[in-house]
Amino acid sequence: MTAESQAEPAVRPHERPQLIAPSPSGLGRIPVIDTSPSVDGGRWAAKAVVGEAVPVRATVFREGHDAVNASAVLARPDGSVRTRTTMRPLGPGTDRWEAWVVPDVPGDWTFWVEGWSDPYGTWDHDATIKVRAGVDVELMLVEGAILLERAAAREHLPEHAVQTLHGAAWALRDTGRPAEVRLAAGTADEVKAVLAEHPLRDMVSPGPRMQLRVERERALVGAWYEIFPRSEGAWRDESGAWHSGTLRTATAAVDRAKSMGFDVIYLTPIHPIGTTNRKGRNNTLTTEPGDPGSPYGIGSEAGGHDAIHPDLGTFADFDHFVRYANDRGLEVALDIALQASPDHPWVREHPEWFTRRSDGSIAYAENPPKKYQDIYPVNFDDDPEGIYAEVLRIVLLWVEHGVKLFRVDNPHTKSVVFWEWLIARVREVDPDVLFLSEAFTKPSMMRALAKVGFAQSYTYYAWRNTRRQLTDYLLELTTGGDEPGEGDAARGGTADYLRPSFWPTTHDILTPYMQYGGPAAHALRAVIAATAVPTYGIYSGYELVESVARPGAEEHVDNEKYEYKQRDWDGAAASGRSLAPLLAKLNYARHHHPALQRLRGLSFHTADDDDVLVYSRRVPAEQSPTGAEDVVLVVVNLDPHSTRETTVHLDMAALGLASWDPFTARDLISGDAWTWWENTYVKLGPDTTPFHVVSVTRVAEGEGA
């Protein structure tokens, strides 16, 4: 790989470009087609973050039998070339080529692939055959010398490279030596190394320029911790009446999240809550005195989306909360729920922003079988200019108060074109602002939201429980569009543009698996969420294994959406019932292992027991931000109720090892270490541990196994 800081044309002056006019389709003398990553043929940019290695692939070929090669070119937002990397062939007969490129600053980058004729590769192939067969021997050796002399005459070549090429050319012309010796000099490893680093390229043919949007690292990597601010510090007085927590008392949650190593503290809506149709406990239609209502029923006489609930405090209190979190290394994420209670100022001031039925009433929101009588949906079509501008104003207001992350509630119920417009406008003001899509909906909508600008997306992880389900889904999420998989991944993977966020539960979701799996289920699902993808989230209370569902619903009973929640954090920790120590160790591992900070690089292994899931994450040294290879192997018993004993069968090449290599498996949770092999016995269960998360280290030669 060679890096160049100066701006330069696609073809360098000393190279031999194509000499004919380009074809109407833009095809060059050496065809370059099917370049990836490409999102809908280049309609939208592929995505990356600073320091992330991105696989660039293309189909490159030519007529006849002459050697062909390719280079991947990565250009900065200002147009200057960062790297021009010689690609490697992916497989015999496929004509697919690959190179990994690494952007180093945020912005809108471009990349393209250059196909080129490889005169040295052609000569190497032909001369080796002919000289050994005694055909055109002198002619082939002299042509090789001429070729190497041309290669050595190029400008800006390092002195050692020039000397190597001239020395080989001189040896090729030395008629006093045997032909085989002369050939060996021209095809020596040091000659090939020089020409691999500084290739001689003829008929250089650039393919189409593709877009790559590069964002800050939080767009890809992060551990989120969700809270309801009003519950943090809430208390009952002597009469039993509740008193809300505040943004000041909620700083205790920041300390709790910090102690567990989380990166983001996410606040559910903090705005005033309406009283009309206010929901009572457990989503009932009857409220009792003191019921706070759902924070998603936004808007009252106290204001709307640009106001703070009076019980929580003021903007000064919010600014203090943001500073407090930032000082401890956490970012603050805020919920955007674009809906209104019947008491929202919008209902009175902008009736055109709501759809009225034939009787003049406004229909409340529904997501069958769920009903939200306290919420009016917003109509984005009758006055798009007005509502678009209002939402942009609101988002930028919170950006001014230090919010760079927004979790968007139900974005799939608003038009995709609106989100594309909004995210682009916000990006113009502050490109560091990122949006997380909470769209539990059909795949086409989830994918479209990611394409138009959402940096991250919730996923179906909560409902993928079996080994087959998890394997298929993770293949879809961690591979690119040019790597079709099986099952859910049949249409190609989404890694080029959709970044998944795994949440085992949310304030809306408590699956049967989590209801009946107990502490083991909560532990193992946290492990998979934290290690299978680079962003995951935990809803507060998960540490305490809150798992009782409201009858007939897949959500928590006594749901925090409708009431204050007091939790005995200290008591759970003292009794050993808390999963906080596990979450802290998982987050520590995520911070210290680059393999857990990347979406690509996932490989699956097998186990004799179908309830045991085995996968690894690997970052090669040349792609690692530390410059060192990093490999993490995860083995999980998916059955939270019983102990399983089985043999795991490891794809050693995926671990960067030979099939016969032993390796040290150091458990990142327990601290234990073992020597493992290609086939290794494990015993996992709720009475011991249902998982292993191990770092893989090659056993040094001469060490005992």
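Predicted model: local features only at pLDDT ≥ 70, side-chain atom pairs only at ≥ 80, totals over all residues.
Let us take helix H3 and its two partners. Two packed helices are described by the angle between their axes and the distance between the axes. The axes of H3 and helix H5, residues 189-197, cross at roughly 130° and come within 10 Å. H3 and H5 are therefore oblique to each other. The crossing in which H3 passes H5 is left-handed. On the H3 side, the contact involves Ala161, Thr164, Leu165 and Ala168, which meet Glu190, Val191, Val194 and Leu195 in H5. By class, the residues of this contact divide into 6 nonpolar, 1 polar and 1 charged.

The other partner is helix H2. Helix H2, residues 137-152, packs with helix H3, residues 159-173, at an angle of about 160°, and their axes are 8 Å apart. That angle makes H2 roughly antiparallel to H3. H2 and H3 also have a left-handed crossing. Among the H2 residues that meet H3 are Leu141, Val142, Ala145 and Leu148, while the H3 residues include Val162, Leu165, His166 and Leu172. The contact of H2 with H3 holds 12 nonpolar, 2 polar and 2 charged residues.

I turn now to the nonpolar cores. Which residues of the largest nonpolar core touch the most other members? In this core of 152 residues, they are Ile265, Phe318, Trp398, Phe406, Phe435 and Ile528. Helix H13, residues 512-532, gives the most to this core, with 11 residues. Apart from this core lies another, of 24 residues, with Tyr120, Leu148, Val191 and Leu200 among them. Returning to Phe406, and leaving aside residues up to four places away in sequence, we find that Phe406 touches Leu334, Ile336, Val395, Trp398, Val399, Val433, Leu434, Phe435 and Leu436.

Next, helix H11, residues 443-452. Why is H11 described as largely enclosed by the rest of the structure? The reason is that 7 of its 10 residues are buried. The buried residues of H11 are Met445, Met446, Arg447, Leu449, Ala450, Lys451 and Val452. Just after H11 comes Gly453, with a positive phi of about 145°.

I close with two single residues. Is Ser300 buried or exposed? Ser300 has a relative accessible area of 13% and is buried, since buried means under 20%. Ser300 is placed in the loop between strand E16 (264-267) and helix H7 (315-327). Ser300 and Pro345 are 45 residues apart along the chain, and their C-alpha atoms are separated by 6.9 Å. Beyond residues up to four places away in sequence, Ser300 touches Pro272, Ile273, Gly274, Asp343, His344 and Pro345.

Thr675, for its part, is found in strand E32, residues 673-676. With a relative accessible area of 32%, Thr675 is partly exposed. The C-alpha atoms of Thr675 and Leu267 are separated by 44 Å, and these two residues are 408 residues apart along the chain. Thank you for your attention.

How values were computed: Residues numbered from 1 in each chain as written. Heavy atoms only, no water. Core = buried A, V, L, I, M, F, W, Y, C linked by side-chain atoms within 4.5 Å. Buried < 20%, exposed > 50% of the residue type's maximum accessible area, 1.4 Å probe, protein only. Helix = DSSP H or I, 4+ residues; strand = E, 2+ residues; numbered from the N terminus. Contact = heavy atoms within 4.5 Å. Axes fitted to C-alpha atoms, helices over the stretch in contact; angles between N-to-C directions. Parallel < 35°, antiparallel > 145°, perpendicular 65-115°, else oblique. Left-handed = near helix turned anticlockwise from the far one by under 90°. Nonpolar A, V, L, I, M, F, W, Y, C, P; charged D, E, K, R; others polar.
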